[in-house]
Amino acid sequence: LQECDAMNGLVYEMVRGLGELQLGFKGELTMSEQMEQLADALSNETLPMWWIKLGFPSTRPLRSWLINLKERCAQLEDWIAEPLNIPKVVDVSKLFNPQSFLTAIKQLCCQQTQGMELD
C-alpha cells in the first residue's frame, strides 16, 4: 500500500506538471518558474527536481529513469493483480522503501514459523 501511494503521488505530480506545461506552451497558462524549470529539465534530458523529491533515489538520465519507472509500475501492477499473495520474486531495487518490505517479510516469517511477533 505504501509503495502504491508513493507511486501514485509521483505519477500524479508528473501528469499535473506536464499538463500545466502543455497549457503554458499553448499560451493558455502563464509560465511559472516551476513550469520553466520543468521545461529546462526536460530539454536537458535531466530529472526535474520535484520528481526527484517525490520519486526514488537515482543517478540515471531522464530516459533511463522513465524506463525504470515503467518497470516499477509493472511490478506494482503484478502485485495488485494478486494482493493476498506475496510474489515469489520481488526486485527490491524497484521499491520506494525496500526496508519496510523486508521488515514485513521478517515479521510474516516469524509469525508463520514461530508464532511470534518480531517487535
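**View 1. N68 sits in helix 4.** Helices are DSSP runs of H or I with at least four residues, numbered from the N terminus. The model is predicted: local features need pLDDT of at least 70, side-chain atom pairs count only at pLDDT 80 or more, and totals for chains, interfaces and linings use all residues. Residues are numbered from 1 along each chain as its sequence is written, and side-chain values use heavy atoms, with hydrogens and water left out. N68 has a relative accessible area of 4%, so N68 counts as buried (buried is under 20% relative accessible area, exposed over 50%, partly exposed in between; 1.4 Å probe, protein chains only). Which residues does N68 contact, leaving aside its neighbours within four places in sequence? They are F56, R60 and K94 (contact means heavy atoms within 4.5 Å).

**View 2. Helix 4 spans residues 62-81.** Its 20 residues reach 28 Å from first C-alpha to last, close to the 28 Å expected at 1.5 Å a residue (the expected span is 1.5 Å times one less than the number of residues). L62, W65, N68, L69, R72, Q75 and L76 are buried in helix 4. They lie on the same side of helix 4 because they cover an arc of only 135 degrees around the axis (the arc is that of the directions from the helix axis to the C-beta atoms). An α-helix has 3.6 residues a turn, so residues three or four places apart point the same way. The buried residues of helix 4 pack against helix 1 (2-26), helix 2 (33-43) and helix 3 (49-54). On the face turned away from the buried side are the exposed residues R63, K70, E77, D78 and A81.

**View 3. The largest pocket holds about 290 Å³ of space.** A pocket is an open set of points on a 1 Å grid over the protein atoms alone, where a 1.4 Å probe fits, with protein on both sides within 12 Å along at least five of seven lines; lining residues have an atom within 4 Å of a point. Of its 13 lining residues, L1, Q2, E3, W79 and F101 lie nearest the centre. Helix 1, helix 4 and helix 5 (98-114) each give two or more residues to this lining.

**View 4. The second largest pocket holds about 220 Å³ of space.** Its lining has 14 residues, with Q34, Q37, L38, P48 and W50 nearest the centre. Helix 1, helix 2 and helix 3 each give two or more residues to this lining. Helix 2 gives the most, with 5 residues.

Notes:
Grid points are joined across faces, edges and corners, and a volume is the space filled by probe spheres set on the points.
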